[in-house]
Amino acid sequence: MIALLPGDGIGPEVIAEAVRVLDAAGCALDFQQAAVGGAAYRESGHPLPETTLDLARRADAILFGAVGDPACDTLERRLRPEQAILGLRRELALFANLRPAKLFAELADASALRPEVAAEIDLVIVRELNGDVYFGEKGMRTTPAGRRQGYDVMAYDEDEVARIARVGFETAMARGRTLCSVDKANVLETSQLWRDVVTEIASEYPQVALSHMYVDNAAMQLVRNPGQFDVIVTGNLFGDILSDQASMCAGSIGMLPSASLDSAGKGLYEPIHGSAPDIAGQGKANPLATILSAAMMLRYSLGRAEEADRIEAAVAAALAGGARTPDLGGTLSTSQMGDAVIEALA
Ligand code: NAD
Ligand code: IPM
Ligand code: MN
């Protein structure tokens, strides 16, 4: 059973296309849908109701749209839509977030980079998803001088770093055997531990070429020469930021899928983008990131690599045929892009 969690904004619009594509590919999956995010808050007063969490726990895999609703931004934090995705990642111990970024050849013109620079991008960001400033102690307090102060503690322990480092090395072993660990060890103790532990784990993977890079330089290098990267392993916050940046190198934020995995291979699959309130309800969202996330679900959680390959090939064929939503410089609607992929499947 697949838990289907469409969420807010463009979430339901892109999830609908992914489901149509999975059906058209003959996958015959058993979907059970539940509310998350602002939609769930409106229904039940909580962004991640117990029934939704329970469905996600029982599912073989989770297909997630996006959460986020500007109308909820003034709620107390524990009730905001974003807590749904953070809660799922944490409760299900989905600590390893794989965010592949590659340029479909036909999209060179959509990249923010010069075509010859963009052509080289083919990398995976392995982002830690259960720690960092996201989950450290946080709050608002008053300083002795009487000023309001917000704080978020950044922390990683060595086991947390070691397990994501191993995912980074394993991912590199299955690709170009080159791993770049991104941190801010020149300033942060968290990052010094990160660098030390990644270096220790490297002895288990002598075939992988490991390098370290500061995150500010990594942001610059991603734009200057993205082709230098094979696998990047980094913490929760840096990985969040760098993956949005990588998406524009690869054409659009609407193109990048992701898998969030636990240590047993259970996964949640979602586009890296959010609920895009600025275009929600207008049929402008690019559904390809979600369709590609569904393909990752078939490959990683369901052991159905052939169907995943077919869907990915259909996406490439649709793009080659000129299918473009507005983010890619075209005029197709969300469902017309879904149609183009389905036609390419046939
Ligand atoms: P966003 O990713 O939702 O949108 C950023 C920009 O990219 C917008 O201009 C949007 O229109 C565009 N965009 C995003 N996805 C697109 C797609 N598929 N096709 C075409 N254009 C697309 O980020 P934001 O605006 O910073 O955040 C909006 C809300 O989404 C916030 O509430 C945020 O917290 C939430 N969010 C949720 C997730 C998630 O559910 N995993 C991820 C990121 C942001
Ligand atoms: C993402 C999002 C989330 C994150 C937010 C919505 C909590 O930006 O999935 O990339 O920061 O991880
Ligand atoms: Mn993000």
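How far apart do the C-alpha centres of domain 1 and domain 2 lie? In this predicted model, for which local features need pLDDT of at least 70 and side-chain atom pairs count only at pLDDT 80 or more, totals for chains, interfaces and linings use all residues. Residues are numbered from 1 along each chain as its sequence is written, and chains are lettered from A and ligands numbered from 1 in the order in which they are written.

The two centres are separated by 24 Å. Domain 1 comprises 1-97 + 255-346 and domain 2 comprises 111-250, with bounds that come from an automatic or database domain assignment. Contact between the domains involves 12 residues of domain 1 and 15 residues of domain 2, two residues being in contact if their C-beta atoms, placed from the backbone, lie within 7 Å. On the side of domain 1 that touches domain 2, α4 and β4 (96-102) each supply at least two residues. The most is given by α4, with three residues. By class, this side has eight nonpolar, two polar and two charged residues; Ala, Val, Leu, Ile, Met, Phe, Trp, Tyr, Cys and Pro count as nonpolar, Asp, Glu, Lys and Arg as charged, and the others, Gly among them, as polar.

The chain contains 12 helices and 12 strands, which are DSSP runs numbered from the N terminus (helices H or I, at least four residues; strands E, at least two). The C-alpha atoms occupy a box of roughly 60 × 50 × 35 Å along the principal axes. For 346 residues, a compact globule would have a radius of gyration near 20 Å, and the value of 20 Å for the chain agrees; the radius is taken over C-alpha atoms, and the globule rule is 2.2 Å times the number of residues to the power 0.38. Among contacts with a separation of 6 or more, 74% join residues 24 or more positions apart.

Of the 346 residues, 50% count as buried, where a residue is buried if 20 or more other C-beta atoms lie within 10 Å of its own, exposed if 12 or fewer, and partly exposed in between. Beyond residues up to four places away in sequence, Ile291 touches Glu17, Ala18, Val21, Ile311, Val315 and Val341.

In helix α4 (residues 82-91), the buried residues are Gln83, Ala84, Ile85, Leu88 and Arg89. Their cover includes α2 (38-44), α3 (50-58), β3 (61-66), β11 (257-261) and β12 (267-271). Just after α4, Ala93 has a positive phi of about 55°. The loop between α2 and α3 holds His46, which is partly exposed, with 19 other C-beta atoms within 10 Å. Not counting residues up to four places away in sequence, His46 touches Ala40, Tyr41 and Leu79.

An unreviewed UniProt entry annotates Asp216, Asp240 and Asp244 as "binding site"; such annotations may be inferred rather than shown by experiment, and positions follow the numbering used here, with feature names shortened. Asp216 lies in helix α8 (residues 215-224) and is partly exposed, with 13 other C-beta atoms within 10 Å. Asp240 belongs to helix α9 (residues 236-249) and counts as partly exposed, with 18 C-beta neighbours inside 10 Å.
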